[in-house]
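Let's take a tour of this protein chain, one piece at a time.

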Amino acid sequence: MSEWKETTLGNFLTFQRGFDITKKQMAADGDYDVIFSSGIGGKHNEYKVEAPGVVIGRKGTLGTVFYSESKFWATDTTLWIKDFHGNHPKFAYYFLHTLKLGQYDCGSANPTLNRNHIHLLNIEVPILLEEQKRIADVLSCLDAKIDNLRWQNETLEEIA
C-alpha cells in the first residue's frame, strides 16, 4: 500500500545557491560540467558538487530542472540540492518537474527564485524510499523511450 506524507519542500530537500564562476574562468578542457540555469554551459577542471546531483534554475530561467550522474559545478544562477534528507535523488528530480517553480518568481527586473520561499512550499511525497525508487525507475524508462523515439525520428528525417 502506498503511503504519502505532507511536508514542506525544505524538509524534503535542502537547496543551496550555486557558486560564482565566469565564462573566462572556466577551463574548456576540464572534465566537469558547469551547469547554469539554462543547462550545461561548459566545462571546468574543478567541481563543487558530488554526484548524483539535481540543479534548478534560480536566475533568468526559473525552475528548470537538471540531473547529473557525475560531479559538477553549479553556477550562481542555480540552486542545487545540498541535502536529499535520505530521499531518492532521481525521484527528487522528477518531483521538482511537477512543481512548476517558475511561478514563484520574486525578482523585479530579473526573474529570481528564492530558496527560502520554495523551502516553505507544502508538498506531498511517498514515505518509502523504495516507492520513490520505483516511481523514478518508471519515469526514467519512459524518458529513455522518448529519447530513443526522438533519435529515430531525427534519423528518419535525415534519410528522407
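## Some ground rules

First, a term you'll need a lot: a residue is buried if its relative accessible area is under 20%, exposed if over 50%, and partly exposed in between, using a 1.4 Å probe and protein chains only. Cysteine 141, for instance, is partly exposed, with a relative accessible area of 43%. Cysteine 106 is also partly exposed, at 38%.

This is a predicted model, where local features need pLDDT of at least 70 and side-chain atom pairs count only at pLDDT 80 or more, while totals for chains, interfaces and linings use all residues. Residues are numbered from 1 along each chain as its sequence is written, and side-chain values use heavy atoms, with hydrogens and water left out.

## The overall layout

The chain has 4 helices and 9 strands. Both kinds are DSSP runs numbered from the N terminus: helices are H or I with at least four residues, strands are E with at least two. Follow the sequence along and you get the pattern β-α-β-β-β-β-β-β-β-α-α-β-α.

Along its principal axes, the C-alpha trace spans about 45 × 45 × 30 Å. Of the 160 residues in the chain, 38% are buried. Now for contacts, meaning heavy atoms within 4.5 Å. Among contacts with a separation of 6 or more, 66% are between residues 24 or more positions apart.

## The nonpolar cores

A nonpolar core is a set of buried Ala, Val, Leu, Ile, Met, Phe, Trp, Tyr and Cys residues joined through side-chain atoms within 4.5 Å. The largest one here has 25 residues, and those with the most contacts inside it are Leu9, Leu13, Phe15, Ile56, Leu96 and Ile118. At least two core residues come from each of H1, strand S5 (53-57), strand S8 (78-83), H2 and S9. H2 gives the most, with 6 residues.

Zoom in on leucine 9: leaving aside neighbours within four places in sequence, leucine 9 is in contact with Phe15, Leu96, Leu99, Ile118, His119, Leu121 and Ile123.

## Helix H2, tucked inside

How much of H2 is buried? The count is 8 of its 10 residues, so H2 is largely enclosed by the rest of the structure. Those buried residues are Pro89, Lys90, Phe91, Ala92, Tyr93, Tyr94, Phe95 and Leu96. Just after H2, lysine 100 takes a positive phi of about 50°.

Take tyrosine 93, which sits in H2. Tyrosine 93 counts as buried because its relative accessibility is 14%. Not counting residues up to four places away in sequence, tyrosine 93 touches Val54, Val65, Phe66 and Tyr67. The C-alpha atoms of tyrosine 93 and valine 65 are separated by 6.8 Å, although the two are 28 residues apart along the chain.

## Rings and charges

Rings of Phe, Tyr and Trp (its six-membered ring) pair if their centres lie within 6.5 Å; planes under 30 degrees apart count as stacked, over 60 as edge-to-face and the rest as tilted. The structure holds 8 aromatic pairs. One of them is phenylalanine 12 with phenylalanine 95, edge-to-face at 5.6 Å centre to centre and 70° between the planes. This pair links distant parts of the chain, with phenylalanine 12 in helix H1 and phenylalanine 95 in helix H2, 83 residues apart. Both are buried. Ring pairs also join Phe12, Phe91 and Phe95 into a cluster.

A charge sits over a ring if NZ of Lys or CZ of Arg is within 6 Å of the ring centre and within 35 degrees of the ring normal. Lysine 90 does this with tyrosine 67, its charged end 4.3 Å from the ring centre. Lysine 48 lies over the face of phenylalanine 19, 5.3 Å from the ring centre.

## Helix H4

Does the length of H4 come out as you'd expect, or what should it span? The expected span is 1.5 Å times one less than the number of residues. H4 has 31 residues (129-159), so it should span 45 Å, and its end C-alpha atoms are 45 Å apart, which agrees.

The buried residues of H4 are Glu131, Gln132 and Ala136. They pack against strand S1 (4-8), helix H1 (9-12), helix H2 (89-98) and strand S9 (122-126).
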